[in-house]
Amino acid sequence: MSFLKKLFSFKNHRDDSNSSDPFLKFLKSILGYTPRNVEVFKEAFTHRSAQKKDENGNSINFERLEFLGDALLGASAAMYLYYKAPDQQEGYLTKMRSKIVSRKQLNAVSKQLGLLDYLDPMNNHNNLGEDVNGDMLEALVGAIYVDGGIDAVQKFIQIKIIDPYADLDRLEHTITSHKSLILEWSQKTRNTIRFNTFEEQNAEDLQVFVSVIRLNDKVISKGRGTSKKKAEESAAKRAYYSLQKKIEKV
């Protein structure tokens, strides 16, 4: 992945944070090194609902780092698969990459690391949805790159995600998109599946979406998420389990 070194540049910052700081201790324990720029990690653990802004009025939250981390995870998974499965073609590689960096997988890694315990704000986490865990992991990956560079982020991804979770034989049998499965089933069986997805109003200024799935005009499931895509996948997962016996017969 040396090409990433050319695409991105970063600056090393020394941080004089107190070594007894619980957050700094936590970072050291999961990163395996002492971070140079603790501020970028604080940003990686800040949700938009904290409503923080810098001196210029720009929002401070993990979304930009999440964007960066998502790209780095995808590139790392692609590189791993390129060498791990030399006899496989593009379709297989694409499918397996999506499984390695699936939301379910990233949520699981994030929970194991305990990232949510340090999210700002510290309360009302239940209102943020399950996928905030994976969002935080992506932001953490982005922060590691900004702080430590490509070698540090590659090492973290390899040790924390690829080594323990990228079992290709197991992943071949996992489901990454319940929405795709139920839509494929509906087409084969000439049933009609419709998604009605809309933004939910709430008193906490959080962006939450609700998706309602109808099978032949009958509501069969509902799901919530911090984006339309996540809400629809949540609803589709519930629909899949209610239709599982029918789907497996096709």
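Helix α9 (residues 178-189) lies across β3 and β4, running at about 145° to β3; helices (H or I, at least four residues) and strands (E, at least two) are DSSP runs numbered from the N terminus. Angles run from 0 to 180 degrees between N-to-C directions, with axes fitted to C-alpha atoms, for helices over the stretch in contact; contact means heavy atoms within 4.5 Å. The model is predicted, with local features requiring pLDDT of at least 70 and side-chain atom pairs counted only at pLDDT 80 or more, whereas totals for chains, interfaces and linings use all residues. Residues are numbered from 1 along each chain as its sequence is written, and side-chain values use heavy atoms, without hydrogens and water.

The strands form an open antiparallel sheet in the order β3-β4-β5, where pairing requires at least two DSSP bridges between two strands. Strand β3 is joined to β4 (residues 208-215) by eight bridges, and F198 has V210 in β4 as its bridge partner. Helix α10 (residues 228-249) lies across β3, β4 and β5, at about 135° to β5.

The UniProt annotation "active site", from an unreviewed entry, covers D70 and E138; positions follow the numbering used here, feature names are shortened, and annotations may be inferred rather than shown by experiment. D70 is found in helix α4 (residues 63-84), and E138 in helix α7 (residues 132-165).
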